[in-house]
Amino acid sequence: MEDLALTNITLYKRDMGFFQHKTIVKPGRDGEAQFRLRVPKTHQKTVFSTVRVRGPGSISTTFGRKRQDLAKKQQRGQYNFSLDGSFAKFLSDSKGYHYRFSYDDRADPVEGCLVMMEREMIPEGDKLREEQYLVFLTGTVLERFHLKKMRRLEILDEVMAQKLASFLALRSQDIVPEPEEDDTADIIIKVSNLDGSETIPDSARELEVSYICPLNS
């Protein structure tokens with residue numbers, strides 16, 4: 001995304017200015033191009049209400065930084081997986097689902113429905129050590145398994161597995177370093193449906209963005 005450079009300022013009375021940004025649009029392979037214009041946050045209302053965009057192709061303008069919250073990305077009814085990265089937390093939040101897992105004290109894999117998680121505090125000198133157990137319904141029997149002895153847990157519910165995969169995909173998109181807070185707001189200009197022909201003169205590819213803004217910014 002290219003930042004639009006300031007090309008001209010016309011001075012008005014009362015410390016106001018008419019700002020103009022211009023560039024020649026060079027379409028990408030998809031026939032689109034995007035530009036960013038940063039304006040002072042303290043005057044963003046004035047800028048947003050007076051901004052005018054003129055250029056080739058189809059133009060769409062987005063005001064302000066659009067940061068999607070992960071919870072808003074998830075579809076209605078999607079399982080609310082934990083974000084803390086804890087295996088124990090994930091399992092404690094997924095009660096009622098069926099799993100198959102290997103267990104250190106069992107020769108064969110165990111299958112069952114997760115019922116609950118239990119925590120037990122074990123005295124260790126002058127401190128307490130927490131041990132975590134999971135209770136599964138295996139057939140008609142409730143059995144307790146030590147979390148540390150569980151290996152290779154397999155999700156048997158297809159819908160649950162699909163939701164987890166979708167969540168992880170969204171989460172990977174969401175793990176992007178947030179830009180440092182500054183005193184500017186963004187205007188994003190997207191130009192699409194551009195003609196990539198080399199015979200079109202630069203004058204027909206010119207993008208101009210103008211707005212009014214106080215000079216004491």
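**Entry 1. Cysteines**

I began with cysteine 113 and found it buried, at a relative accessible area of 15%. I noted that the model is a predicted one. I then looked up cysteine 213, which is buried as well, with a relative accessible area of 2%. Both residues count as buried because the cut-off is under 20% relative accessible area. I also checked for disulfides and recorded 0 in the structure.

**Entry 2. The strand that holds cysteine 213**

I asked which residue stands opposite cysteine 213 in E13. I found glycine 17 in that place. I counted 7 of its 9 residues as buried, so E13 is mostly covered by the criterion of under 20% relative accessible area.

I next followed the pairing of E13 with strand E3, residues 16-24. The two strands run antiparallel to each other, and I listed 9 bridges between them.

In what order do the 4 strands of the open sheet lie? I read the order as E2-E3-E13-E5, with antiparallel pairing. I identified strand E2 (6-11) and strand E5 (52-54) as the edge strands, each of which pairs on one side only. I took the angle between neighbouring strands of this sheet, and the average turn is 15° with direction ignored.

**Entry 3. Threonine 62**

I turned to threonine 62, which I found in strand E6, residues 58-63. Is threonine 62 buried, partly exposed or exposed? I recorded a relative accessible area of 32%, so threonine 62 is partly exposed. That value lies in the range between the cut-offs of 20% and 50%.

I then looked for the residues that threonine 62 touches, leaving out those up to four places away in sequence. I found Asp186, Ile187 and Ile188. For isoleucine 188 I also took the separation from threonine 62: 126 residues in sequence, and 5.0 Å in space from C-alpha to C-alpha.

**Entry 4. Arginine 152**

I looked up the backbone of arginine 152 and noted a positive phi of about 45°, although this residue is not a glycine. I made a note of the background: most residues other than glycine have a negative phi. I placed arginine 152 in strand E11, residues 150-155. Its relative accessibility is 64%, and arginine 152 therefore counts as exposed, the cut-off being over 50%.

**Entry 5. The chain as a whole**

I counted 4 helices and 13 strands in its secondary structure. Of the 217 residues in the chain, I found that 32% are buried. I put the accessible surface of the chain at about 14,300 Å², with 49% of that surface belonging to carbon and sulfur atoms. I also examined the contacts with a separation of 6 or more, and residues 24 or more positions apart account for 68% of them.

Terms used: Residues numbered from 1 in each chain as written. Predicted model: local features only at pLDDT ≥ 70, side-chain atom pairs only at ≥ 80, totals over all residues. Heavy atoms only, no water. Pairing = 2+ DSSP bridges. Axes fitted to C-alpha atoms, helices over the stretch in contact; angles between N-to-C directions. Buried < 20%, exposed > 50% of the residue type's maximum accessible area, 1.4 Å probe, protein only. Contact = heavy atoms within 4.5 Å. Disulfide = S-S within 2.5 Å. Areas by Shrake-Rupley, 256 points an atom, 1.4 Å probe, with all protein chains shown as cover.
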